[in-house]
Amino acid sequence: MALAVCLLFDGPTERVLRQLWQRLEAEGVPTLATHTHRRHVPHLSLAVLRSWDLDKVRAAAESLPDAGPTTIRFDAVAAFRRGRMNLVPAVTSELVARQERLVEALGATEDELHKHYVPGTWTPHVTVATRVRLEQTPLVLEAAYEILPLTGTMTRAALVDAGSGVVHPLAVVP
């Protein structure tokens, strides 16, 4: 499995995203609420590692200065491969710089860092739905566009074990 270094949302934004998941689930669209271990939290991943040592990753992430909370604005929905649909934020230079600093601090090899998180190829996103069938796409778009535009604040960071859903809070926000 993988370990993600994630930015996590403030309470109001997390509630909006969880309500979106609930609405979609009620319409038969699978979301992170019921995906795998069912312990997912709304998040934006800055890096995903395919092989890792928890203590080393924590030390690398916490070696960075605390960049503090950041506000993000969502105004688009994207469909990724394998039926994933996501909210896509406006990409600010600050967000890109955070991601690049983190990846550099991690010192991850190409074998360790998931290819979609290599700086320059990373597409920031917040997963809304998983395994969406083509005929369900309009349901996701309708529900998402009812909450967009959405401005939220990412106030904390954590390491999230994708296999178990265990969240390891970080002392800093990279």
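Residues count as buried under 20% relative accessible area, as exposed over 50% and as partly exposed in between, with a 1.4 Å probe and protein chains only. The model is predicted, and local features need pLDDT of at least 70, side-chain atom pairs count only at pLDDT 80 or more, and totals for chains, interfaces and linings use all residues. Residues are numbered from 1 along each chain as its sequence is written, and side-chain values use heavy atoms, with hydrogens and water left out.

**View A. The aromatic pair of Phe 9 and Phe 74.** One aromatic pair is found in a search of the whole structure. The ring centres of Phe 9 and Phe 74 lie 6.3 Å apart and the planes stand at 50°, so the pair is tilted. For rings of Phe, Tyr and Trp (its six-membered ring), pairing requires centres within 6.5 Å; planes under 30 degrees apart are stacked, those over 60 are edge-to-face and the rest are tilted. Phe 9 belongs to strand E1 (residues 3-9) and Phe 74 to strand E3 (residues 70-80), 65 residues apart, and the pair thus links distant parts of the chain. Strands (E, at least two residues) and helices (H or I, at least four) are DSSP runs numbered from the N terminus. Phe 74 is buried at 0% relative accessibility, and Phe 9 is buried with a relative accessible area of 1%.

**View B. The largest nonpolar core.** A nonpolar core is a set of buried Ala, Val, Leu, Ile, Met, Phe, Trp, Tyr and Cys residues joined through side-chain atoms within 4.5 Å. The largest one has 50 residues, and Leu 24, Phe 74, Leu 87, Leu 102, Leu 106 and Val 140 have the most contacts inside it. E1 contributes the largest share of this core, with seven residues. Beyond its neighbours within four places in sequence, Leu 24 is in contact (heavy atoms within 4.5 Å) with Val 29, Thr 31, Val 128, Ala 129, Leu 139, Val 140 and Ala 143.

**View C. The largest pocket.** The largest pocket holds about 960 Å³ of space. Of its 31 lining residues, Val 48, Arg 82, Arg 84, Tyr 117 and His 125 are the closest to the centre. A pocket is an open set of points on a 1 Å grid over the protein atoms alone, where a 1.4 Å probe fits, with protein on both sides within 12 Å along at least five of seven lines; lining residues have an atom within 4 Å of a point. The volume is the space filled by probe spheres set on the points, which are joined across faces, edges and corners. E1 and strand E2 (43-49) each supply at least two residues of this lining.

**View D. The second largest pocket.** About 150 Å³ of space lies in the second largest pocket. Its lining includes Trp 52, Asp 53, Lys 56, Leu 106 and Glu 112. Helix H2 (residues 54-62) gives the most to this lining, with three residues.

View E. Arg 82, in the loop between E3 and strand E4 (84-89), has a positive phi of about 60° although it is not a glycine. At 71% relative accessibility, Arg 82 is exposed. Arg 131, in the loop between strand E5 (126-129) and H4, is likewise not a glycine and has a positive phi of about 50°; with 47% relative accessibility, Arg 131 is partly exposed. Leu 148 and Pro 149 are joined by a cis peptide bond with omega of about 0°, and Pro 149 lies in the loop between helix H4 (137-147) and strand E6 (150-161).
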